[in-house]
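Grab a pencil and work through these exercises with the model open beside you. Try each task yourself before you read its solution.

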There are 2 protein chains.
Amino acid sequence: MDLKNYLKERCAIVDEALERSLPGEGDLPVSVHRAMRYSVFAGGKRIRPVLMLAACEAVGGTPDLALPAACAMEMIHTYSLIHDDLPAMDDDDFRRGRPTNHKVFGEAIAILAGDALLTEAFILMSSPEYAAKAGHARILPVIHEIGICAGSRGMVGGQVVDMESEGKKDIDLATVQYIHTHKTGALMKASVKAGAILGGAEGDALAAMTRYGEAIGLAFQIADDILDIEGTTEQIGKDAGSDEARGKATYPAVMGLADSKRRAQELVDLALEALSPFGEKAEPLREIARYIVSRKS
Amino acid sequence: MDLKNYLKERCAIVDEALERSLPGEGDLPVSVHRAMRYSVFAGGKRIRPVLMLAACEAVGGTPDLALPAACAMEMIHTYSLIHDDLPAMDDDDFRRGRPTNHKVFGEAIAILAGDALLTEAFILMSSPEYAAKAGHARILPVIHEIGICAGSRGMVGGQVVDMESEGKKDIDLATVQYIHTHKTGALMKASVKAGAILGGAEGDALAAMTRYGEAIGLAFQIADDILDIEGTTEQIGKDAGSDEARGKATYPAVMGLADSKRRAQELVDLALEALSPFGEKAEPLREIARYIVSRKS
């Protein structure tokens, strides 16, 4: 299969659904809705929603069963970027080459736009239209899973430990692994697991999908750490070497570059292994796993 | 009925359920969980969860059907207070006589504790145990309703317009009404409506409960505006007259004190009128409506 075309086509489906799902630019209050849309449509790769659609299809579902939850996932990812960029947090002025949300709309609106995007995700997943299509009994566990992976025992927890570790000497592997599996890994795992649930997976199939999601979630972040060292500023859309400059807890910092690459590849192998029961329909998930460690941006 | 005892007893039920529902102080990462608990257990009156339990019972349900959603509502209310108090927003150092969350834990943890509380609310409402008790088909519409009332077309929208109006001259009644019905009213209406849905209300009964919720939501905020003028600093736990000092958009500022009192009383009458079909079981809701405009704190 041609992964590049596949990703492009899926991105377009997700973008179109996000366009329909978000409050309009002209809806009152205008400022917060403009701020929400500014960051949602800022050129993200839509990797989480694409994973959710692909997992849904891999277990025999149709993509429309996962599309609203996939958009919700992208809203949660976007809110986390807006809040992470705030002066009180990572204090970033640029993301993907554009000024960050608070640089354009001010801190107060950026905080509120993030809050509203997180809330909107749950509004979208609990809509009567979606319940009629995918069924109450599948949607409620998906909301629960996504909530846990986004909250203080998931992504938010990872951000807390990441901030608290910044600049500290002697961060150990267990801490780096905690940060990575929570801050980035949790939403990627949740994307795959939610897609599988919405596609009808249970028991062994759901467990295998969860293993796949966990493995690629960690591999993705290790690959990110490696890119920060080896990529050019142009490729990665932020200053190369910025992790090291900030004293960020990364895999290369605790286990070296060569071992980090080896670990990322092992995780991709584990992910592919987990997919062995799924046959042809899981081919996009396999290609995404390979892409995650070979990408240049 | 003895409202004071009723509120005290209901508060205790909600506090005990919140205690069980929130991640523990010792759960990792400790800082964010301590911050979440600090603000949830800061002496709030639990008016929203108590309303939800009372609405559930008024339509014939048992309080346990509403208790998790009632705790979720208090978490959402608490997250909104933490974020509203931030330096970039209202910049408050004290709330209910205690230092605000960011004064104790720092801005970054305060932002994240707010994010996590909002997320936790949806985790709690979507738990498998709750679904087994109250039924998927009732919980999903409740999540949807609470989400809409909390998001950019509800509470967050109200906070946006409130901030954007601060210090402006010639704020009109329509703007003040927008702020009040969204910033405070939306969650109070959602509390009543959610309680009614969880108790099994449909059609006319649900519509009547919604009218009650809307009326007391607005009455509550008008009463708050009046208290800010007439209450003592000790009674209201913040500087008396602070709304005027900040140039806040309030009812007394646009329609005067006497007309504001009249409007609050009219809304209470409307609320009581809406409850007329409900008989004895709605007595707590009636007492709460009367209390809302007569309270001194």
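**Exercise 1. At what angle do helix α3 (residues 47-58) of chain B and helix α16 (residues 283-294) of chain B pack, and which residues make the contact?**

Step 1: Start with the axes. In this predicted model, α3(B) and α16(B) pack at an angle of about 145°, and their axes are 9 Å apart. Helices here are DSSP runs (H or I, at least four residues) and strands are too (E, at least two), numbered from the N terminus. Axes are lines fitted to C-alpha atoms, for helices over the stretch in contact, with angles running from 0 to 180 degrees between N-to-C directions.

Step 2: Look for contacts, meaning heavy atoms within 4.5 Å. From α3(B) come I47(B), V50(B), L51(B), A54(B), A55(B) and A58(B), while α16(B) brings P284(B), L285(B), I288(B) and Y291(B).

Step 3: Sort them by class. Nonpolar covers Ala, Val, Leu, Ile, Met, Phe, Trp, Tyr, Cys and Pro; charged covers Asp, Glu, Lys and Arg; the others, Gly among them, are polar. The score for this contact is ten nonpolar, no polar and no charged residues.

A quick note on the bookkeeping: residues are numbered from 1 along each chain as its sequence is written, and chains are lettered from A and ligands numbered from 1 in the order in which they are written. As this is a predicted model, local features need pLDDT of at least 70 and side-chain atom pairs count only at pLDDT 80 or more, while totals for chains, interfaces and linings use all residues; side-chain values use heavy atoms, with hydrogens and water left out.

**Exercise 2. How many aromatic pairs are there over all chains, and what kind of pair do Y38(A) and F105(A) form?**

Step 1: Learn the rule. Rings of Phe, Tyr and Trp (its six-membered ring) pair if their centres lie within 6.5 Å; planes under 30 degrees apart are stacked, over 60 edge-to-face, and the rest tilted.

Step 2: Count and classify. Searching the whole structure gives three aromatic pairs over all chains. Y38(A) and F105(A) make an edge-to-face one, at 5.4 Å centre to centre with 75° between the planes.

Step 3: Check chain B. The ring centres of Y38(B) and F105(B) are 5.4 Å apart with planes at 75°, so that pair is edge-to-face.

Step 4: Go back to Y38(A) and look for a charge. The charged end of R98(A) sits over this ring, 4.0 Å from its centre (the rule: NZ of Lys or CZ of Arg within 6 Å of the ring centre and within 35 degrees of the ring normal). R295(A) lies over the face of F220(A), also with 4.0 Å to the ring centre.

**Exercise 3. Are R263(A) and E266(A), which meet in a salt bridge, buried or partly exposed?**

Step 1: Recall the idea. Side chains of opposite charge can pair when their charged atoms come close. A salt bridge has a side-chain nitrogen of Lys or Arg within 4 Å of a carboxyl oxygen of Asp or Glu. The count is 44 salt bridges over all chains.

Step 2: Take the pair. R263(A) and E266(A) are bridged at 2.9 Å, N to O. They are three residues apart in helix α15 (residues 257-274) of chain A, so about one helical turn separates them.

Step 3: Read off accessibility. R263(A) is partly exposed at 24%, and E266(A) is partly exposed at 40%.

Step 4: E9(B) and R10(B) meet at 3.5 Å, N to O; E9(B) is partly exposed at 41%, whereas R10(B) is buried at 8%.

**Exercise 4. Where does P29(A) lie, and what is the peptide bond from L28(A) to P29(A) like?**

Step 1: Find the loop. P29(A) lies between α1 (3-21) and α2 of chain A, in the loop.

Step 2: Check omega. The bond from L28(A) to P29(A) is cis, with omega near -10°. In chain B, the bond from L28(B) to P29(B) is cis as well, with omega near -10°.

Conventions:
Buried means under 20% relative accessible area, exposed over 50%, partly exposed in between (1.4 Å probe, protein chains only).
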